[in-house]
Amino acid sequence: MNILFFLTPKSDVAYVEEDDSLRQVLEKMEHHGYAAVPLLSSEGRYIGTITEGDLLWGLKKLKKEGFPELHEMEEISVMEMIRNRDNKPVHVNVDMEGLLDKVMHQNFVPVVDDDKVFIGIVTRKDVIQYLMDELKKKNTKY
């Protein structure tokens, strides 16, 4: 099976870019209700994953210097946040075994092309839903 079957395309994914400010990242994550989002370069390449935890630890560090007001967060780059755990990407041509290996350990798996350009994600939920549907089909055959 081709992993593109599970792909949520970049156009439907909430992500942040390296030029975004801390405020933009906070607002995007709050708006979508996500605990983690892909972080992309200005060329669209996958850099890593920014999480709520990364932001909280970053804010804790900033607090020592005087906790920034919301408008001051516009001057802080997302790249100043230390990322503790990046979701490992897979190549668009990865086999199902490679995808399942990643999806077991990550809520979402970034998918990249030959140039490491981000093309979308595969979520753990979508893979589990597919497996459940297949199991139901099998069980109704007997």
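Start by selecting threonine 51: its side chain reaches the backbone nitrogen of aspartate 54 at 3.0 Å. That's a polar contact (a pair of N or O atoms within 3.5 Å; within protein, one must be able to donate a hydrogen and the other to accept it, and residues adjacent in sequence count only if both atoms are side-chain atoms).

A quick note before moving on: this is a predicted model, where local features need pLDDT of at least 70, side-chain atom pairs count only at pLDDT 80 or more, and totals for chains, interfaces and linings use all residues. Residues are numbered from 1 along each chain as its sequence is written, and side-chain values use heavy atoms, with hydrogens and water left out.

Stay on threonine 51, which sits in strand E4 (residues 46–51); strands are DSSP runs of at least two residues, helices (H or I) of at least four, numbered from the N terminus. Is threonine 51 buried or exposed? Its relative accessibility is 13%, so it counts as buried (under 20% relative accessible area; exposed is over 50%, partly exposed in between, with a 1.4 Å probe and protein chains only). Now show Met29, Ala35 and Ala36: threonine 51 touches them, leaving aside residues up to four places away in sequence. Touching means heavy atoms within 4.5 Å.

Next, select serine 41, in the loop between strand E3 (36–40) and E4. Serine 41 is buried too, with a relative accessible area of 6%. Leaving out residues up to four places away in sequence, serine 41 touches Glu18 and Ile47.
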